[in-house]
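Biologist: Could you put the model up so that we can go through a few of its packing details together?
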Amino acid sequence: MNRTSQRTQPTSLVEQLKRSLLIVVSLLVCVLILSFPVGIYNSNIQHNLDEQKAALQEGQNNILLTMVNQETGLRGYISTDNTVFLEPFTSGRTQYLLAVRQMKDQALGSDLSETTTALAQVEERANAWYSTYAQVQLKNMQSGKLATARSDSNGTVGKALFDQFRASVAHLQAAIGQDLNTLQSRLDIISRLSLIIALVLSVVALLLLWYTFTRFVNVLHEQLTILKTRSKQLGSGDLSARVQELTYHELNSLGQTLNTMAEELATRSRELEGSVEELAIRSRELEGSNEELATRTHELERSVEELIALNSALEEANQARSQFLSTMSHELRTPLASIIGFTQMLLDDADVANMNQQQHNDLQRILKNGQHLLSLINDVLDLTKIEAGRMVVSYSQVDMRELLTSVVEETQSIAIARQLVLRAEVEEGMDFLESNPLKLRQVLLNLVSNALKFTEQGEVTVSARRVLSPDQEGECVALAVTDSGIGIPADIQAHVFEAFYQADGTYTRKAGGTGLGLSIVSQLTTLLGGTIAVKSAPGQGSTFTVMLPIKALHHSIEQDPPRLHPAQPLEATRIPPASGDLPPAMSDELLAVFAHRVATDGQNNLILAVDDNPDIIVLIKAALKDTPYTVVGLQDPLQAMELVQELHPCAIMLDVMMPDLNGWQLLNQLKVNPATASIPVMMITVLTEPTTGYVLGADAYLIKPFKTTVLLNTLRNLLASQTGPSQAGEREAQRV
Amino acid sequence: MDEHTTTEQQQHILVVDDSQDMRELLQRLLERAGYRVVVAEDGQASLTQAKRHHPDLILMDLSLPDMDGWEAVAHLRKMREFRTIPILAVTAHVSAREAERAMAAGCTAHLGKPFDTRVLLQEVARLLKDGG
C-alpha cells in the first residue's frame, strides 16, 4: 500500500538493456571508424617513406656519379691537355650542383637532420676538392704549367681531397639510413598505438556488455525470486503477502498485478466468509423449514390417504348409483311396459271392445301419460349417465347433409301436424365432420323437436355451415336451429339449459316435453367438445347454435375414464356386459355364457405384441402375466398380418421402429383391411407422435419406457371402450 | 282363438317372461295377430317348453328367476335343433350395452320394454320371415 516516493522511480528493464547495448555498439563502431583512417594514414606514410628512401639514394648516387665524372674529366685533361676532356668535368659540375640542390630540398622538406648535416659535409668536401684542387689545376693547365699540374704532389692532394669527399658520401649514405630508420620506427609506433587503442576500446565495450548482462541477470533473478516467493505465499493462502516496489517497471507491474490479485482474493475471501456465515444461517433456517415441510408432508400424506379413502368411497357410491339407476330403469320399465302395452292393445281393439268415445279418450290419455313417463325415464337416465361420465363417445366421419336430412325426415311428421315448414340447409363444401353421429343426431333431434313444439306458426330451419371459431384461431361447424316461435326472454335464456326448466310452465303440458331436452343437448354438446348458445327475443323466435370444432379427434380416448371413476377391474373386461344388473351370485353363470360367446364368435383373449426387440415382448408378457390375457409375441412385422388373421387377437400392441416394415405401415395395413380393422391397436413406441398414430387409426398410444400399471390401464380402457359403444351404438336408436 | 286358426300355416311362438301381466299381454297380442303361443315363466321352463313345442320364434325376457334369459339362450344354442331359431330378447334392460350383451348371449334381436305393440308385431313378423 505504501507507494514509497523516496525510492527512485523504477526504470524500464528493456530501456536499460537498450541503453547498454547502444553504448557497446557505439564503442565498437567508433573503433571501426577510427581504425580505417589510421590504417590508411599509416600505409600512406609508409609509401612516402619508401619513395623518399629511393629518392635519397638516387640523389646520393647522382652526387657521387657527377663528382666522379668531374674528377675523371679533370684527370683526362691534365694527362692529355686536351680540352675535350673538360666537357665531362663541366657537365658533371652542373649536374652535381643540381643534384645537391635537389637533395637539399628533399632533406629539408622531410626534416632529415642527420642527412642535412651529412649533406653539408659532402658539399663542403666537394667544394674543398673543387676550389683547392680542381680550380688550381685548371689555372695551372691554362697557364701552361703542365709539369706543376702533372706533379705527383698535386696529384696526391687531389686524390686525398677526393677520398675525403668519398668518405663524406659514405657518411651521407649512413645518415640517410639512420634518418629513414628513425622515420620508420616513428611510423611503427603510431601503428602500434592505434592498434592498442582499438583493442582497448573493444575490451571496454565487451566488459560493459558483460557487466550489464550480469547485472541484469542478477537483478532479474532476485526480483523473480521475490515474485515467486509472494506467489507461493498467496498460493498457500497467505493473502496478506504483497510485493514491494521492484527496480524494473515490467516486473514491477507484474508485482502490482499480483498485489491487485491478492487484494481481490482477500476481498473475495472476506465476502465468501460472509456468504458462508449467511449460508449457515440459511441452512439453519432451511432445517427449520425442513421440519415444517416434514410436518406438512405428513399432513399431506394423511390428506392423500383420506382422499384415497374418499375416492374409493366415491367410487363405491358411483358404482352404487350406477347400479341403482340401472335397477331403477329396469323396475320402472317393467310395469310401464304392461301399462302401455295393455292400453295400446285395448285401443287397437276399440272396435271389437265396443267402448264409448269417453272411454277411448281416457285410454288414449293413459297411453300418452305412459309414454311421457317413459321419455322422462329415458331423459333422466341419459342425463345421469352423462353427468356420471359413463357415456363414452367414439368418433367417425359424419355426413352432415345426410344427418340433417334424416333429422328433418324424422321430425317432418310433427311439423306437418303442426302446419309448420321445416327445412334443412347445408353449406356447400362441408359434407363431413369428425364427430359421433348418434350423439350429434340426438342433439339435433332434441333441438328440432323442441323448436317445433314451441312454434305456433311459421317455420323451423336447421342449418350447417363453416364459421370462424370463437377464439378466431380455427374453423368451427355451426349447427343452428332457428324457429319463428314465441322466443325466450333474456333473463330466462341463461337458465334454459338447466334441467326441468321451461320458459313457461304451461307449455310443458301443452307441448309434452320433459324439461330435460335442452339440458341433455347441452351436456351432449360438451361431451362432443363443442359449445351451445341461444339467441332469442320474445316474439321474434329463437336460434340455438351448436359450435363444434372441425377436428375433435380421439376425444374419448383422452377423456375416458373420468377422474373420480377409475377404470373397472380387468374382470369387468373379461365379462364385457356390466354385471351391475345381476345379483353377484350369477356372475359365474355369466362367465359360462360369455365363454360360449367366445366359442361361437371365435373371439379369444389373445393379445399380439409385435416388437423387433424380444425384451419388450418379455416385458409385456410379464406385465400381463396375472391377467386373463395371453400374449403372443412376434418379432418379424412381415408375418404380422397373416398371424392377425389367423389368431384374430382381441388387441394388438405395435412397435413403430422395426426393420422391413415399420409400425405405421403395419397399422395402416391393419386398419384398411376390413377383416382386421376392428381389432384395437395399441402403439407402444419411443416416438412421441401420438397424433400420427391416431390419424392412422391407432386406438391407444403408449410411450416407452412404460410402467406396467400404465400398460394395464391403457389396455383395460382400450378393451372397455371397444366392448362399450362400438357395435352397440347402432342399436341404441331402437330404444326409444 | 279358434276363429283365427288356419292350422297348417299357424306359427308357434314361445313367450318367456316372469311377469304374469307381460305373458298375458304378449300372448293376447300375438294370438290376435294369428300366431300360436306357448308361455314359460322362467329359464328352466323355457327349455322344457321349447323342447316340447319346437316353436318358430322365442320371445325371451332376460331377468328371470332360477335360470335367467342369457343362460337359457346359451343352453338353447348348444342344442342342435335350436341353433338357428330366431330369439327376440324382450327386456327392460334397454341400453346399448345390454342390447349387445343379449346378442352376445345368442339372441337374434333385441327389443326394449316398454314397446310399441305395432313395433313388436313388426319385429316378430320380420324374424319369422327372415330367421325362420
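Modeller: Before anything else, please keep in mind that this is a predicted model. To begin with chain B, Val15(B) stands opposite Val39(B), which lies in strand 2 of chain B.

Biologist: How many bridges join strand 1 of chain B to strand 2 of chain B?
Modeller: Five bridges join strand 1 (residues 12–16) of chain B to strand 2 of chain B, and the two strands run parallel.

Biologist: And what is the strand order of the open sheet in chain B?
Modeller: The open sheet has five strands in the order 2-1-3-4-5, with parallel pairing. Its edge strands are strand 2 (36–40) and strand 5 (109–112) of chain B, each of which pairs on one side only, and the twist averages 20 degrees from one strand to the next.

Biologist: Which strands does helix 3 of chain B touch?
Modeller: Helix 3 (residues 69–78) of chain B packs on the sheet and touches strand 1, strand 3 (57–60) and strand 4 (87–91) of chain B, while its direction makes about 160 degrees with that of strand 3 of chain B.

Biologist: Switching to chain A, at what angle do helix 6 and helix 8 of chain A pack?
Modeller: Helix 6 (residues 249–348) and helix 8 (residues 357–387) of chain A pack at an angle of about 160 degrees, with their axes 9 Å apart. Angles over 145 degrees count as roughly antiparallel, so helix 6 of chain A is roughly antiparallel to helix 8 of chain A.

Biologist: What residue classes make up that contact?
Modeller: The contact of helix 6 with helix 8 of chain A has 14 nonpolar, seven polar and no charged residues. Among them are Leu332(A) and Ile339(A) of helix 6 and Leu367(A) and Gly370(A) of helix 8 of chain A.

How values were computed
Residues are numbered from 1 along each chain as its sequence is written. Chains are lettered from A and ligands numbered from 1 in the order in which they are written. This is a predicted model: local features need pLDDT of at least 70, side-chain atom pairs count only at pLDDT 80 or more; totals for chains, interfaces and linings use all residues. Axes are lines fitted to C-alpha atoms, for helices over the stretch in contact, and angles run from 0 to 180 degrees between N-to-C directions. Helices (H or I, at least four residues) and strands (E, at least two) are DSSP runs, numbered from the N terminus. Angles under 35 degrees count as roughly parallel, over 145 as roughly antiparallel, 65 to 115 as roughly perpendicular and the rest as oblique. Two residues are in contact if their C-beta atoms, placed from the backbone, lie within 7 Å. Ala, Val, Leu, Ile, Met, Phe, Trp, Tyr, Cys and Pro count as nonpolar, Asp, Glu, Lys and Arg as charged, and the others, Gly among them, as polar. Two strands pair if DSSP finds at least two bridges between them.
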